[in-house]
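These are my notebook entries on a structure I examined element by element. I record what I looked up and what I found.

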Amino acid sequence: MFDRLLAMILCAGAAFAAAPGLAAEPGGERQRELLYRLEQDCGSCHGMTMKGGLGPALTPEALAGKPDDGLVDAILRGRPGTPMAPWDFEISEDEAAWLVLQLRRGWTK
Amino acid sequence: MTANPVRATILICLIAVGAALLAGCADQAGMRGTGDAGVVIERAAGRLAVIETTTNSLLHKVPGLGDTSHASVVFSRDERYAFIFGRDGGLTKVDILAGKLVGRVIQAGNSVGGAISQDGRLVAVSNYEPGGVRVFDARTLEQVADIPAIGADGAASKVVGLVDAPGNRFVFSLYDAGEIWIADMSDPGSPRITKFRDVGRLPYDGLITGNGRYYVAGLFGEDGLVKLDLWNTGAGVTRILAGYGRGEEPLPVYKMPHLEGWAVAGDIVVLPAVGRHEVLLVDLASWQEVGRIAVHGQPVFAVARPDARQVWVNFAHPGNDTVQVIDLPSRRIIATLKPGKAVLHMEFTPRGEHVWVSVRDDDKVIVYDTATLEPVATLPLDKPSGIFLTARAHKIGL
């Protein structure tokens with residue numbers, strides 16, 4: 001019980017410290033893992049520099065005007081009728097939101 | 001003419017020095033053939049590792065290839081030059097004997113693969129952006145033809161599944177438009193194009209049979225594949241394996257299957273099923289399904305050992321730490337290997353005693369003995385992906 005309460009407080013603290021619009025930022029180790037996945041696995045279709053491939057470009061310019069929740073939804077639930085697969089079996093909603101933020105910032109290695 | 005001992009001595013000395021220099025040069029050049037050579041893409045570094053399969057060693061590293069996610073390679077017919085097709089639209093020519101980059105052009109914004117013509121004079125690149133095929137002189141890398149892929153709907157389409165075919169032709173698929181085109185390069189400057197419309201939804205890759213007769217495209221948007229008989233193009237495209245998913249909802253695909261490394265074993269073609277954890281066995285004469293084998297995950301490559309007795313299969317994320325070996329006569333999985341994290345590609349030596357397996361996340365390539373299924377060598381390489389041995393130079397479609 002105390003553990004859960006502590007966890008809730010810690011989570012709230014993390015959310016407060018994170019960028020606006022983010023519920024909880026993933027930890028450092030997980031961030032590295034997610035960025036590696038982004039480059040290597042997302043990069044298989046979207047290009048390692050996110051300039052697109054079989055899948056569309058995910059550069060800041062390409063994502064401009066596209067709302068966050070739609071992009072988070074695409075990551076988590078995929079895009080039926082296209083090769084974009086759902087990743088919710090291993091990526092949480094918070095993590096997807098964090099990935100969208102990295103893409104908007106023009107993440108490159 | 002009177003003898004001049006001094007001049008004679010000098011002459012003898014010069015000959016001796018010359019011979020020594022020549023011998024030295026020969027050694028320095030490492031006089032060797034390239035029949036046992038190959039290349040491995042170091043995908044994140046944009047670098048080529050030149051290897052040899054006799055003692056399983058690294059010969060050279062050649063940097064400067066740009067974005068090599070999804071890079072592929074074809075070889076000149078003398079097996080000296082590798083042409084690398086990069087994601088960033090780069091077409092790079094590497095002298096694998098010297099270990100030197102000898103030519104590079106950025107020919108488009110975004111590309112996916114390429115092919116070399118039957119006569120070895122032309123290299124074609126398939127592009128996503130701008131969608132189409134561009135053809136280059138294999139010697140100079142000067143552009144000789146541009147084939148924009150404008151579908152029947154008037155929109156530009158990404159091009160996939162580009163292969164060479166006999167008759168100095170290139171065959172490819174238009175992903176967005178759902179078309180297959182043949183470009184006859186008899187007159188390289190003005191290709192003659194034959195178009196097949198409405199072949200099916202989202203053809204995502206293509207293959208050509210080893211005899212150069214059939215072109216087969218996989219469809220992502222439909223349950224089935226399409227086949228084109230290049231000996232009888234008037235018959236048009238025909239649908240094969242329609243409804244192989246039996247109407248079941250396809251599973252998500254975390255990496256697109258590749259048909260290029262397809263397996264043909266006698267009369268049987270082995271194909272990865274899309275959205276199913278199965279490989280399909282197809283009779284090459286009737287093009288009917290004759291069986292399917294349940295496998296570990298979504299298959300990416302299914303490649304046959306050159307004697308076609310074994311088929312090795314790798315898988316999409318999250319099953320990509322595994323390789324399965326199928327014994328084709330019995331249609332049984334005889335081994336499930338765990339080479340490491342993110343197995344991306346497999347390439348057999350020309351007579352099949354070894355297979356080279358790239359393990360991206362573990363930064364290594366493992367060479368397996370295909371009889372014992374035990375590793376015989378491991379090469380540390382940086383994020384290795386595609387492995388291409390020079391024997392491809394003499395195979396139609398590779």
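**Entry 1**

I note at once that the model is a predicted one.

I then looked up the strands on either side of this pair. Strand 29 (residues 354-359) and strand 30 (residues 364-369) of chain B run antiparallel and are joined by six bridges. Another of the pairs I noted is Trp356(B), whose bridge partner in strand 30 of chain B is Val367(B). The two strands form a hairpin with four residues between them, and there Asp363(B) takes a positive phi near 50°.

**Entry 1. The other neighbour of strand 29**

I turned to strand 28 of chain B, which runs antiparallel to strand 29 of chain B and is joined to it by five bridges. Here Phe348(B) has Val355(B) of strand 29 of chain B as its bridge partner. This pair of strands also forms a hairpin, with five residues between the strands. In its turn I found Gly352(B) with a positive phi of about 85°.

**Entry 2. Burial of strand 29**

Which residues of strand 29 of chain B lie on each of its faces? I placed His354(B), Trp356(B) and Ser358(B) on one side, and Val355(B), Val357(B) and Val359(B) on the other. As a general point, side chains in a regular strand alternate between the two faces of the sheet. Both faces of strand 29 of chain B are covered, and six of its six residues are buried.

**Entry 3. Chain A**

I moved to chain A and counted its elements: five helices and zero strands. Read from the N terminus, the elements run α-α-α-α-α. Chain A has 109 residues, of which 26% count as buried. I also looked up its contacts between residues at least 6 apart in sequence, and 47% of these join residues at least 24 apart.

**Entry 4. Helix 4 against helix 5 in chain A**

I examined how helix 4 (residues 68-77) and helix 5 (residues 93-104) of chain A pack: the angle is about 120° and the axes are 9 Å apart. Helix 4 of chain A is therefore oblique to helix 5 of chain A. The crossing of the two helices is right-handed.

From helix 4 of chain A, the contact is made by Asp68(A), Leu71(A), Val72(A), Ile75(A) and Leu76(A). Helix 5 of chain A contributes Glu93(A), Ala96(A), Ala97(A), Leu99(A) and Val100(A). By class, I noted eight nonpolar, no polar and two charged residues in this contact.

**Entry 5. Where the chains meet**

Technical notes: Residues are numbered from 1 along each chain as its sequence is written. Chains are lettered from A and ligands numbered from 1 in the order in which they are written. This is a predicted model: local features need pLDDT of at least 70, side-chain atom pairs count only at pLDDT 80 or more; totals for chains, interfaces and linings use all residues. Two strands pair if DSSP finds at least two bridges between them. A residue is buried if 20 or more other C-beta atoms lie within 10 Å of its own, exposed if 12 or fewer, and partly exposed in between; C-beta atoms are placed from the backbone. Two residues are in contact if their C-beta atoms, placed from the backbone, lie within 7 Å. Axes are lines fitted to C-alpha atoms, for helices over the stretch in contact, and angles run from 0 to 180 degrees between N-to-C directions. Angles under 35 degrees count as roughly parallel, over 145 as roughly antiparallel, 65 to 115 as roughly perpendicular and the rest as oblique. A crossing is left-handed if the near helix is turned anticlockwise from the far one by less than a right angle, and right-handed if clockwise. Ala, Val, Leu, Ile, Met, Phe, Trp, Tyr, Cys and Pro count as nonpolar, Asp, Glu, Lys and Arg as charged, and the others, Gly among them, as polar.
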